[in-house]
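Here is a brief report on pockets, cavities and helix packing in one protein model. Each section takes one topic.

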Amino acid sequence: MKLLVVGASYRTAPVATLEQLAVPPADLTRTLDRLVAQPYVTEAVLVSTCNRVEVYAAVSGFHGGLGDICAVLGEQAGSSPAALASHLYVHYDAAAVDHVFRVATGLDSMVVGEAQILGQLRDAYHWATGADSAGRLLHELMQQALRVGKRAHAETGIDRAGQSVVTAALELAAGHLDGDLAGRPALVVGAGAMGSLGVATLSRLGAGPLTVTNRGADRAVRLAESYGASAAPMAELTDTLSTVDIVVAATASTEPVLTRSVVGRALADRDPSRGPLVLLDLAVPRDVEEGVAELSGVEVIDIDRMASLLADGPVAADAAAVERIVVGEVEGFLTWLRGADVAPTVAALRGRADDVVTAELRRLAQRRPDLGDDLRAEVARTVHRVVQRLLHQPTVKVRQLAAEPGGDQYAALLRELFDLQVPQTSPVDTVPDVITPDLGAAIAGTDPVLGVDAAESTPPTGGAR
């Protein structure tokens with residue numbers, strides 16, 4: 001079984017595409033079920049955040065698995081796999097492990113080192129566990145990824161390099177408001193995880209008075225009370241907007257909440273001498289309607305704009321320390337993976353030995369019915385001990401050799417020598433129809449369409465594990 005990552009993020013796709021690919025919580029279980037129902041996908045974890053949509057999968061073949069996952073993503077986006085190809089990246093086996101660990105440590109985040117992604121990965125893993133779409137391989141991968149993420153934050157100062165996305169967004173917003181948010185009235189639209197982080201960060205920066213609004217009024221009230229803020233009904237959104245200088249929008253709505261009409265009416269009642277109304281849109285799909293940015297007196301900062309503004313940020317020395325941690329942890333996981341691959345072969349060898357011993361003892365009982373029960377039991381114990389001792393050193397050694405690069409050849413040799421029947425998956429399978437010519441060409445070699453090097457991602461031609 002092989003690891004495959006297929007996804008799109010702020011690096012490769014505009015917000016509009018991420019909006020199409022985004023999977024709301026209500027659809028997560030159904031989408032995971034669709035993934036593992038595909039012919040080549042046996043396990044799946046789905047990560048869907050404002051900055052990325054990624055599928056982590058255990059597949060029985062590279063091309064088939066890629067086609068299956070692209071088909072599901074295309075269905076989710078209401079688009080063809082070929083239309084999505086320019087925005088997708090693919091990582092296979094070692095590169096897949098490296099990518100997941102980099103995501104967990106925040107190295108792949110828009111704001112390097114931000115810790116929020118670790119919680120999002122944990123949520124994705126819990127969803128997959130609840131949907132029973134994660135098996136042995138992805139359970140191990142996700143548990144190790146969460147551990148590596150925690151280790152990176154505990155052993156380095158990556159947190160200094162990576163504030164939360166909300167903190168970074170608010171620092172950008174402060175540049176439009178004389179460089180300081182202290183004493184600036186603010187509104188948070190949405191009372192979920194991102195909204196809660198927005199209230200907490202605004203409070204820490206001294207913004208105020210703070211107001212929270214949410215479609216579910218009870219959640220808005222609870223969140224507001226936790227930070228000494230006030231809650232306002234969503235029906236009064238226009239009036240509330242006219243009284244604030246900064247808005248953090250982070251709802252799970254599938255339609256824009258801050259429409260051109262709503263913001264336009266709020267601006268008409270707002271004193272322009274207070275400076276622009278700064279709208280931070282941290283939601284995917286977007287909470288701020290596209291036309292709002294054209295209004296006079298408004299500054300809109302969304303995910304796309306944040307990506308461009310933060311792209312040239314300094315890389316802290318702590319990020320380099322995390323890179324070293326990731327390199328070591330990836331190798332450790334690959335060592336475990338190679339050992340796990342040889343385990344079925346070792347089990348098959350021991351099973352074959354037990355079958356041979358059982359058959360010979362049965363034959364002995366038929367030939368020498370005069371042997372007493374005690375003697376037959378002693379003979380059985382002796383033969384089993386001899387066989388186990390003979391197998392002990394070779395099986396220990398093959399596990400050690402298998403943990404080294406290229407170690408899968410030893411398991412293949414054992415299967416050949418002893419004619420062991422171990423269920424295998426072929427590394428080269430027929431490419432299904434969903435792989436279009438454009439997508440297939442991207443897979444064939446190094447190509448920016450998928451951002452994957454075939455030398456690293458295409459399975460070698462050789463014995464399957």
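## Largest pocket

The lining of the largest pocket has 19 nonpolar, 11 polar and 3 charged residues. Here Ala, Val, Leu, Ile, Met, Phe, Trp, Tyr, Cys and Pro count as nonpolar; Asp, Glu, Lys and Arg count as charged; the others, Gly among them, count as polar. The model is predicted: local features need pLDDT of at least 70, side-chain atom pairs count only at pLDDT 80 or more, and totals for chains, interfaces and linings use all residues. Residues are numbered from 1 along each chain as its sequence is written, and side-chain values use heavy atoms, with hydrogens and water left out.

The largest pocket holds about 1,100 Å³ of space. Of its 33 lining residues, Pro25, Ser48, Thr49, Thr251 and Ala252 are the closest to its centre. Two or more lining residues come from each of α2 (25–36), β2 (41–48), α6 and α10. The most come from α6, with 6 residues. Helices (H or I, at least four residues) and strands (E, at least two) are DSSP runs, numbered from the N terminus.

A pocket is an open set of points on a 1 Å grid over the protein atoms alone, with protein on both sides within 12 Å along at least five of seven lines; a cavity is a set where a 1.4 Å probe fits but cannot get out; lining residues have an atom within 4 Å of a point. Points are joined across faces, edges and corners, and a volume is the space filled by probe spheres set on them.

## Cavities

The count is 2 cavities of 30 Å³ or more. The largest cavity has a volume of about 90 Å³. It is lined by 13 residues, with Thr49, Asn51, Glu114, Gln120 and Val165 nearest its centre. Helix α6 (residues 116–130) gives the largest share of this lining, 3 residues. By class, the lining has 6 nonpolar, 5 polar and 2 charged residues.

## Helix α2 against α3

α2 and helix α3 (residues 62–77) pack at about 150 degrees, with axes 9 Å apart. Axes are lines fitted to C-alpha atoms, for helices over the stretch in contact, and angles run from 0 to 180 degrees between N-to-C directions. The pair is therefore roughly antiparallel (over 145 degrees; under 35 is roughly parallel, 65 to 115 roughly perpendicular, the rest oblique).

Thr31, Arg34 and Leu35 of α2 meet Ile69, Val72, Glu75 and Gln76 of α3 (contact means heavy atoms within 4.5 Å). This contact has 3 nonpolar, 2 polar and 2 charged residues.
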